[in-house]
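This briefing is a guided look at one protein chain, arranged by topic for a reader who is new to structures. Please keep the sequence and the 3D view at hand while going through the points.

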Amino acid sequence: MNAAIRHAGYLLICAALAACGGGGGSSPATDAIVPSASLAGLCAAPRQGSNDRSGTLADEKRWVRAWIDETYLWYDEVPADLMASTYATPVDYFDVLKTPAKTPSGRPKDRYHFTLDTAQYLAMQDSGVLIGYGMEIAVIRAAPPRELRVATVGPGTPAAVAGVARGDQLLMADGVEVSGGSADAINAALAPSRTGEQHRFSFGRKDGSVAQVTLTSAAVTTIPVPTVKTIASANGLVGYLLFDEHSEPAEAQLISAIGRLKAAGVNELVLDLRYNGGGVLAIASQLAFMVAGPATTQGKTFERLISNRKNPFKFTASQASMPFYGSTLGFSVPAGQSLPQLGLSRVTVLTGPDTCSASESIINSLRGVGVQVDLVGGTTCGKPYAFIPQDNCGTTYFAIQFQGVNELGQGDYGDGFAPGCAVADDFDHALGDPVEARLAAALAMRAGGACPAAPAAGSQKPTAAGAEAPYLRRMPLREIKRIDRPLP
C-alpha cells in the first residue's frame, strides 16, 4: 500500500484515536481560476506510459482549484481567499477546498473529501482486495482510556486463522497499550503498508483470558455477502442477509443470496447493513429491486442525482436518474439476465453509524416507492452524496459532486437516518445469531413485540454533535457512493 492510501487510512484512526489537528493558511488575495481542461495532465512528475505532460506543482494545484470550481456540489461555498501558494502539494490544497458549512446537528456538511493514489485505487476498486489481516476494528471509545473491539473477521484470513473473533478487545499493539499509548504506534500496527508485515497484538477474550497473537499482513479479498440464512418464526420463514460492501463481486453474491431466500419461501427479510459503507450505486439499485420486485419499482426512479447549477457533466434529466435495475449489469454476472426478486412490501434493516452512502440509498429509495423500511440499531452515517473519481497526475480526487434524491425528491439526510428502535451493537454474539441484540430485536418486532427498552449487550459507542460517529477503522474508499456506470 503506497503513501497516499496509507495517509488516508491513518487520518481515520487519528481522528478517532487522537483528535488530530491541521489545516492551512489563507490570504486576502485570490488565484485566477481557468478551465480545468487547459491544465489537465500538466504534471510535475509525468508518469511513463500515460498522457501526462511536463508541468509543475503550480499547474497541478491550479487544476485542482479549477476542477473544484467546475464540479463540486457546493463550489460557491468554498472560501475564495485560499491561495495555492500557501499549500505545499496539490493534495494539501485540495484538502481545504470544501464548504465550511455545518449540518443541523453541528457536524461538517462535507466529511467525505479525500484522495487516493491512482494506481492503487485502480488496482483495488473492483477486486475487493485490501492489505491487512481480514479484521475490522471498532473504535468504541476514542479518548483514553480507549476501547477497541473486533467487529468482523473474514473467513480464512490471517486474523481468522489466528483465532481472532468478533468481540475480542484489542489490548496491546506491538507492545503499546491501546488504552492510552501512542496513536502512531497503534496505527502502524493496525494499518500495514505492505504484505508480509508482522505485528504483535494482545486480545482480551470474552472468557476473561488474554491471547497473544502475531499477525502477518496479506492481500485480503473481502466477501460482500458473508452470511445468508433463514430463521423460523411464528409467522413463517424470515430471511437474514448480511451485506457488507457494494463491490462488483457483490452482484453475483446478492443474486445467489436472494435466489436462495426466494427458493426457501421467506416472507420477511432482515437486511443487515450495519457495517456496509457503500460502493457502486448500481449494485444498491439492483438489491432494492430484488427486495421490492417489479410491481413496486417499474417505471420509478431509484435515485436522481442533483449536481451544482453549472451541470458540469451535462446530464440530461433522464441521464441524471438511475432506475431500479431489474437485470444484471455485467459487474460479475453476464449482463442482461433477469434478477430474482422477493416482492416484499416491508423490510427491516439493521443499521449503525457505518451504514453509509449507497447503503443509505437503499433505505431512501425503497421508502420513495412506498416500501416500509423499519430501522433497528443506530443512526446511519448521513451521506446522500456521490462523486465521479477523477485522476490527475497520479492522484485520484474524490469530491462531492451530486446529492441523491428518491422518487419523491427526498434526500436531505446529512445527519443520517435515525432508527425506529435504537439497539446498541452486540459484540458478544456473532452476526446472524438470532440472539444477537439487533437481530433479536428485529425478530421480536416482526412478530408483534416491542422495541427492547434496556440497552443491548456489548459496548455503546460515543456520540459526536448529537449523532453517532463512524467507528470502524477503515479507508475512505469503503464509504462511498460510486457512479461508474453510464446512466440511462
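This is a predicted model: local features need pLDDT of at least 70, side-chain atom pairs count only at pLDDT 80 or more; totals for chains, interfaces and linings use all residues.

Helices α7 and α8 run roughly parallel to each other, because the angle between them is about 10° and angles under 35 degrees count as roughly parallel.

- Helix α7 covers residues 250-264 and helix α8 covers residues 281-292, and their axes lie 10 Å apart.
- On the α7 side the contact is made by Ala250, Glu251, Leu254, Ile255 and Ile258, which meet Ile283, Gln286, Leu287 and Met290 on the α8 side.

**Nonpolar cores**

- The largest nonpolar core consists of 50 residues, and those with the most contacts inside it are Leu241, Phe243, Leu254, Leu271, Val347 and Leu366.
- Among the elements that give two or more residues to this core are the helices α7, α8 and α10 (358-368), together with strands such as β14 (268-272) and β18 (346-351).
- The element that gives the most to this core is α8, with 10 residues.
- Leaving aside residues up to four places away in sequence, Leu271 touches Leu241, Phe243, Leu287, Val347, Thr348, Val349, Leu350 and Ile362.

**Helix α10**

- Helix α10 is mostly covered, since 10 of its 11 residues are buried.
- The buried residues of α10 include Ile362, Ile363 and Leu366, and also Glu360 and Asn364.
- Just after α10 comes Gly370, which takes a positive phi of about 90°.

**Aromatic rings**

- A pair of aromatic rings is described by the distance of the centres and the angle of the planes.
- The count of aromatic pairs in the model comes to 18, and the pair of Tyr87 and Tyr93 is stacked because the ring centres are 5.6 Å apart and the planes are at 25°.
- Both Tyr87 and Tyr93 are buried.
- Trp63, Trp67, Phe94 and Tyr397 are linked into a cluster by ring pairs.
- Phe398 belongs to strand β22, residues 395-398, and counts as buried because its relative accessibility is 0%.
- Although Phe398 and Phe94 are 304 residues apart along the chain, their C-alpha atoms are separated by 9.7 Å.

**Backbone details in loops**

- Most residues other than glycine have a negative phi, and most peptide bonds are trans.
- The peptide bond from Pro144 to Pro145 is cis, with omega near -5°, and Pro145 is placed in the loop between β5 (135-141) and β6 (147-153).
- Asn311 has a positive phi, near 45°, in a residue other than glycine, and its place is in the loop between β16 and β17 (321-323).
- Lys314 also has a positive phi, of about 55°, although it is not a glycine, and Lys314 is likewise in the loop between β16 and β17.
- Asn311 counts as partly exposed because its relative accessibility is 25%, whereas Lys314, at 60%, counts as exposed.

Methods. Residues are numbered from 1 along each chain as its sequence is written. Side-chain values use heavy atoms; hydrogens and water are left out. Axes are lines fitted to C-alpha atoms, for helices over the stretch in contact, and angles run from 0 to 180 degrees between N-to-C directions. Helices (H or I, at least four residues) and strands (E, at least two) are DSSP runs, numbered from the N terminus. Angles under 35 degrees count as roughly parallel, over 145 as roughly antiparallel, 65 to 115 as roughly perpendicular and the rest as oblique. Contact means heavy atoms within 4.5 Å. A nonpolar core is a set of buried Ala, Val, Leu, Ile, Met, Phe, Trp, Tyr and Cys residues joined through side-chain atoms within 4.5 Å. Buried means under 20% relative accessible area, exposed over 50%, partly exposed in between (1.4 Å probe, protein chains only). Rings of Phe, Tyr and Trp (its six-membered ring) pair if their centres lie within 6.5 Å; planes under 30 degrees apart count as stacked, over 60 as edge-to-face and the rest as tilted.
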